[in-house]
Amino acid sequence: MTETSSRKRSAEGLSAFFQNIIARKQTREQLQFQATILRNVSESVIVTDLQGHIVYWNEGATSIFGYTAEEMMDSTPAILYPEAAQAQFVPDIRQTREGKDYIGEWRGRRKDGTAVWIDIKTTVLRNTRGEDIGFIGVAKDITARKVAEEALLSSEERLRLALEAGNIGVWDWDVEHNTVTWSQRVYELHGVSKDSFVVTLENFLTLVHPEDQARVQQAIEQSLTEHAPFNIHFRTVTPQGETRWITISASVTYDPAGNPIRMLGATSDITQQKELEQRKDDFIGMASHELKTPITTLKGLTQLLKRGLKKQGLSEPVLVLSKMEIQIDRLTRLVNDLLDVTKIQAGRLNYAEERLALDTLIRDIVETIQLMSPTHTLTMYGASNSYIVGDGDRLGQVFLNLIDNAIKYSPKANKVDIHVTSSENAVTVSVRDYGVGIPKEHQSKIFDRFYRVSDERMKAFPGLGMGLYISYEIVERHGGEIWVASEEGEGSTFAVSLPILKEAVN
Amino acid sequence: MIEEETMPHKNEQSFAQEQGTNKTILVVEDDTSIGEFLVQLLVQETPYRALLVTDGFQALDIIRNIKPDLLILDYRLQKMTGVDLYDRLHTMTGLEHIPGIIISANLPKDELQKRTLVGISKPFELSDLLGTVDKLLA
């Protein structure tokens, strides 16, 4: 050692001495400072010796686990984690002693027995000589986050299971960037493989049955531009040549300017359902034939017999046959109504498009019903002098039904009034009776299928509750409206409005 | 099965010769109860002759010898519809302008609208059918 260096050392020694004094003072303050932090951080700080006995327990630990420092001194953290096996601790501890901090998420138990999730970091504690003397565990309460995560997971799981159970495929179309993501099920439904099929709108359309392509494309465009909900049934033809019926329901999200950003949809196979529908339609067709054939002959022969007897001037049997005819007509109407309801359900009610003089149509019906209804005087007021476009038979069915009801539900009255009015765009035909009326609470439901007013008083009136439902459907298909105004005991007014046919003036 | 209700004892040749004086209606209906009733009705209530066959092939067959003036066709026939049959008969010489009535429990309104066919639903009022027949043969 040189002189210079020895002098230097003694100078350093002196300075170190003073430094030490300052340091000791600082250390005490620092300790005080650090202890305050430790006590007050919301994290749990727990220190154990190498055997795992707790030697330090801060306020944070108390607030997370519910035990006080006094209660926990000398016991081990194992109390806090009753679910964790000893075997789980050992490798973690070994790892920590090798100098790697252990980080993990643990499910623990509070003093009161409730579960607590913590995020823990364990570090080995060493003395100044570098020897391991214990472990410090710093932990955070993450129960709230864990519960939310579990809820999300279980809701995702629920959704996944539901989609699987319903055989539903989901897809997501990024409209802006024109990229489509399909779930596995969508690939399966279209009979293509994830590896070989590139999903784009164009490629998807090649999988659609040629006859349905235009319709599908149009529906997509409409839903993007007109913000219309997207629900469509179409046929897909798999590359293997199999035709399947597919249904898609989708919704579109738009940016604030109203441009489509994203279309999210669900796809499922409805081939079986379609086959059943087909069978049902076939059944309807067959039933209508089978039921109407004997009625046709029965009605025809009755009328023929009546004609013959009339010619012979036999009024007595003619009267009997007229009564028979009324019953045959009633039977016919019931059969027709049943078939109409089934056809409406299947979306198969046919409509002709004829140019109709409304006033004549109404007058003919009123006259026909008047002939069969001697109890009530039917009076037609006003005229529309207008033409409409529609199915004369079907619209006739509506007015026949309304006038028939008016008579049926006013057994004590002797008249029914029919008013025809017109405005610039529509004609309105109202049928007013002076009968029992319809209680308010039933008025909104009477156009529902099979709805019958369940009041005791009304039970006296026969019927299946199909007429108004059918009328509603027919009027709606003609672009019109049907409604009712009624007062109990005062009678009802049923009104139908229909758009006027505007003809070009030559 | 061919029924010539009006003149059961005459052969087809002589029947055809009398067409000028007496108009003929060909009824094609596979349900014999309705078919026989229709013929009975036409014979009893109109001055026209009526012939009944029960399917389209018989109709095409009989047309070779007899040219009817009006067709009354059931829509739902075996193997072809009444409208199909009407279309085929309509292409034959002498039948280009023959009027037709389709009777059906379930009228195919769109198909009727495209053609000059009158539709009558089953069951029907006798007066409707007889009125239509008279109008078409007037």
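Predicted model: local features only at pLDDT ≥ 70, side-chain atom pairs only at ≥ 80, totals over all residues.
I'll start with Ser386(A). This residue sits in the loop that runs from β12 (377–381) to β13 (387–390) of chain A. Is Ser386(A) buried or exposed? Its relative accessible area is 10%, and the cut-off for buried is under 20%, so Ser386(A) counts as buried. A polar atom of its side chain lies 2.8 Å from the backbone oxygen of Ser384(A). Further along the sequence, the residues that Ser386(A) touches include Leu356(A), Leu358(A), Val427(A) and Ile500(A).

Leu358(A) takes us to the core. The largest nonpolar core has 41 residues, and Leu358(A) is among those with the most contacts inside it, along with Phe399(A), Ile403(A), Ile418(A) and Leu498(A). Elements giving two or more residues to this core include α11 (358–372), α12 (392–408) and β17 (491–499) of chain A. The largest share, 7 residues, is from α12(A). Leu358(A) itself is in contact with both Ser384(A) and Ser386(A), and with Leu498(A), among others. There is also a second, separate core of 27 residues, which includes Trp173(A) and Ile246(A).

Now the interface. Chains A and B bury about 2200 Å² between them, with 54% of that on carbon and sulfur atoms. Chain A puts in 28 residues and chain B 22. There are 3 salt bridges between the chains. One of them pairs Lys311(A) with Glu45(B), with the closest N and O atoms 3.2 Å apart. On the side of chain A that touches chain B, α9(A) gives the most, 16 residues. That side has 6 nonpolar, 10 polar and 12 charged residues.

Definitions and conventions
Residues numbered from 1 in each chain as written. Chains lettered and ligands numbered in written order. Heavy atoms only, no water. Helix = DSSP H or I, 4+ residues; strand = E, 2+ residues; numbered from the N terminus. Buried < 20%, exposed > 50% of the residue type's maximum accessible area, 1.4 Å probe, protein only. Polar contact = N/O pair within 3.5 Å; in protein donor to acceptor, adjacent residues only side chain to side chain. Contact = heavy atoms within 4.5 Å. Core = buried A, V, L, I, M, F, W, Y, C linked by side-chain atoms within 4.5 Å. Buried area = accessible area lost by both parts, 1.4 Å probe. Salt bridge = Lys/Arg side-chain N within 4 Å of Asp/Glu carboxyl O. Nonpolar A, V, L, I, M, F, W, Y, C, P; charged D, E, K, R; others polar. Lists of a residue's contacts leave out its neighbours within four places in sequence.
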